[in-house]
Amino acid sequence: MIRYEEQEKAFYLDNGRITYCFGIVKGQYLESRYFGRKIRRCRGSARPWYFDRGFCSNPDPEDKIFSLDTLPQEYPCMNQGDFRQPAFVLQTPDGRRVSRLVYRDYTILPGKPPLAGLPAVYAEQPGEAETLAVRLEDRVSGAQVRLYYTIFRDYDAICRHVEVENPGNESLWLERLMAMSLDLPRRDYDLVTLSGSHLQEKMPHRRPVSSDTVLLESSRGASSPQQTPCVILTDPNTDEASGQVWAVNFIYSGDFQATVQAGQYGGVRVQMGMNPLTFGWELAPGQRFVSPECVLVYSAEGLNGMSGVFHRLYRQRLCRGLWRDRLRPVLLNSWEAFLFSIDEEKCLALAKQAAELGIELFVLDDGWFRNRIDDRRALGDWTEDPDKFPHGLARLADQVRAAGVAFGIWFEPEMVSYDSDLYRSHPDWIIRSPACDPILSRYQLVLDLSRPEVCDYLVESVARVLRRTGASYVKWDMNRHITDLGSAWLPAGRQRELSHRYMLGLYRVLDQLTGQFPEVLFEGCSSGGGRFDAGMLYYMPQTWASDNTDAVCRMQIQYGTSLLFPPVTMGSHVSAVPNHQTGRTTPLSTRFAVAMAGNLGYEMDIRTLSEEDRAELRQQIARYKALRQTLQQGSFYRLLDPCRGNDAAWNFVSQDGSQVIVCQYRVSADPLRRTTAVPLQGLDPEAVYRRQSDGALFGGDELMYAGLSDHPVRQDFTSLVTVLDRVEA
Ligand code: GLA
């Protein structure tokens with residue numbers, strides 16, 4: 001899949017469907033040449049014409065036409081005459097930041113080597129993937145920079161990351177390090193990003209790339225709900241079903257920066273990596289720094305084609321462990337039912353009723369540990385509250401299981417409250433500057449995970465509760481962002497490393513815990529989808545998508561999230577009405593129809609349901625279980641965008657193609673009761689499908705090219721779920 005063409009001085013990564021090509025120019029510079037649909041050769045038909053241009057600097061004094069200011073580059077550095085965004089800025093002991101990165105050599109490795117201490121896509125068999133490592137050398141500092149590229153046989157994706165080594169005998173300082181940089185040749189792209197907020201995560205925004213630079217970033221200590229480390233470029237006419245897409249996503253959960261920069265003479269530079277605002281790293285002699293990795297996806301089949309690649313790759317080669325391939329349980333979470341006001345009796349009553357309805361897992365959310373009567377206290381002290389649970393949590397867990405449902409539990413391990421034994425005994429374990437009081441958020445402080453002893457404490461305190469209760473599910477929360485970046489543990493010269501060291505500490509904790517408890521299903525959460533990213537999915541195969549459980553908002557959030565992440569990774573719950581966040585009342589059937597398009601759960605006091613609602617829940621859960629293999633493991637296609645109109649729709653197709661599930665939603669009632677027919681995707685046009693509700697038979701071609709109509713009724717917030725089974729000819 002990887003070859004070097006000596007004549008063209010070009011590297012080709014090619015899996016028969018996509019080609020990625022870059023070359024060596026003047027024996028030392030790496031030139032971006034092509035990324036897209038498979039081509040046999042890339043000999044420069046689209047190469048820009050070079051002129052002697054004003055202000056261009058010429059690294060080769062004999063060649064006034066050659067300038068790094070105009071060359072499409074693979075990994076540009078600073079102070080070398082490319083005045084666009086550099087991917088690499090290194091400070092030498094003399095305080096200067098002048099580099100001369102030159103090509104040295106390459107190696108091709110079978111499979112995909114792991115990234116020590118970091119989440120990453122993996123290959124299970126060596127034949128699945130091939131990796132190219134290209135070595136560059138900084139002639140100024142001697143630093144060795146290795147660019148890694150992996151291509152996969154079965155996924156149309158390239159993984160890129162960078163390693164920097166200091167072989168010298170003086171320290172060097174990394175100031176800016178991008179995991180990837182890519183110069184694409186055209187200017188007429190649209191840029192799609194996913195930005196948002198708490199309660200409105202991952203909203204897609206689309207606009208043409210024009211002049212200047214678009215900067216996406218987080219300096220919050222988490223990938224954040226505000227921005228997503230993801231850049232999607234499309235042709236101007238690309239839609240869900242057709243057109244070209246080039247996408248980059250960062251497998252990292254902390255601060256990041258991504259830029260999309262229009263070149264002065266055409267072309268666009270895309271970069272993604274560490275956020276220089278909160279990143280800096282001292283490379284002591286002999287040390288090596290490994291960047292997290294980016295996944296680059298190309299699709300010629302529209303945004304759904306792109307999502308299909310991300311979904312399969314992340315589901316099969318990023319998520320790990322026993323739960324990667326297992327069907328996920330239907331859960332009931334105590335939070336919206338009880339908030340902090342929980343006790344043994346209430347929990348048991350809820351769990352018993354959950355079992356009767358067919359729910360498989362009861363999750364004890366916040367409020368179970370000593371002194372945790374509200375959000376002002378007790379984070380960090382992970383011992384059960386004897387007042388709320390006089391017989392102990394172990395007994396509650398046993399009784400829950402005896403009632404017929406598994407037992408799961410909530411933690412927010414990275415945090416500590418002032419009012420906690422942990423803070424009182426270890427005031428130096430928090431992130432802060434000694435010069436001023438740290439800023440609070442939700443009354444809590446962030447633990448300094450750059451300290452190994454803090455990480456060990458977290459592993460031990462979570463493990464103790466899991467051992468004691470036999471819990472089979474953990475909700476791992478993170479409810480504030482990081483201010484006051486300062487560590488009592490790190491020396492002055494390494495304070496800028498804290499933000500990344502925090503992530504390395506967290507990844508170590510998660511690695512140890514998931515390793516010690518392979519049977520436990522971990523779900524990530526950060527006030528909803530505040531850290532819903534590819535980095536977390538490596539450790540925890542699902543994430544609570546949003547604290548906003550309103551069905552109308554959820555359509556939008558799940559739609560946007562699905563650009564990158566498969567439905568099986570999205571925790572989505574049916575909650576009570578009026579909704580806690582929006583005050584809106586939507587029908588139970590629609591709340592279900594939205595939540596079933598992710599990992600179904602319930603988050604309400606089911607003790608107070610009417611008999612009618614209880615019967616509906618029972619039916620919903622039975623229906624979900626009958627369909628969940630398709631919903632959780634099938635392919636997902638977005639059909640109608642709820643952010644752009646009154647209707648939303650998507651469909652699932654089971655892995656073997658035998659079942660299709662179509663979800664159609666309408667937000668406001670239409671007085672004219674007009675029908676919306678939506679063309680389905682991913683079906684076999686030659687096949688015939690039977691609609692379960694009435695036995696009607698339709699050809700796959702008709703369903704895909706003419707569409708499937710909804711049933712407009714006189715009501716707001718309606719939904720229609722249609723199941724179609726393929727019939728043998
Ligand atoms: C966050 C989570 C919620 C719940 C609360 C508990 O907001 O997103 O689901 O767990 O914390 O404090």
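Ground rules before the tour. Residues are numbered from 1 along each chain as its sequence is written, and side-chain values use heavy atoms, with hydrogens and water left out. The model is predicted, so local features need pLDDT of at least 70 and side-chain atom pairs count only at pLDDT 80 or more, while totals for chains, interfaces and linings use all residues.

Now the polar contacts, meaning pairs of N or O atoms within 3.5 Å. The side chain of Asp547 puts an N or O atom 2.5 Å from a ligand oxygen. For Lys475, that distance is 2.7 Å. Asn479 has a polar side-chain atom 3.2 Å from an oxygen of the ligand. How much of the ligand does the protein bury? The protein buries 96% of the 310 Å² that the ligand exposes when taken alone. Those areas come from the Shrake-Rupley method with a 1.4 Å probe.

Next, the helices. Helices are DSSP runs of H or I with at least four residues, strands are E runs of at least two, and both are numbered from the N terminus. H3 (residues 344-357) packs against H11 (residues 611-633) at about 60°, axes 9 Å apart. The axes are lines fitted to C-alpha atoms over the stretch in contact, and angles run from 0 to 180 degrees between N-to-C directions. The pair is therefore oblique. That label covers what is left after under 35 degrees (roughly parallel), over 145 (roughly antiparallel) and 65 to 115 (roughly perpendicular).

Who touches whom, with contact meaning heavy atoms within 4.5 Å? Gln353, Glu356 and Leu357 of H3 meet Arg614, Leu617, Arg618 and Ile621 of H11. That contact has 3 nonpolar, 1 polar and 3 charged residues.

Last, the backbone. Most residues other than glycine have a negative phi, and most peptide bonds are trans. Leu339 has a positive phi of about 50°. Leu339 sits in the loop between H2 (335-338) and H3. The Val577 to Pro578 peptide bond is cis, omega near -10°. Pro578 lies in the loop between strand S29 (570-575) and helix H10 (588-595).

How values were computed. Contact means heavy atoms within 4.5 Å. Ala, Val, Leu, Ile, Met, Phe, Trp, Tyr, Cys and Pro count as nonpolar, Asp, Glu, Lys and Arg as charged, and the others, Gly among them, as polar. A polar contact is a pair of N or O atoms within 3.5 Å; within protein, one must be able to donate a hydrogen and the other to accept it, and residues adjacent in sequence count only if both atoms are side-chain atoms.
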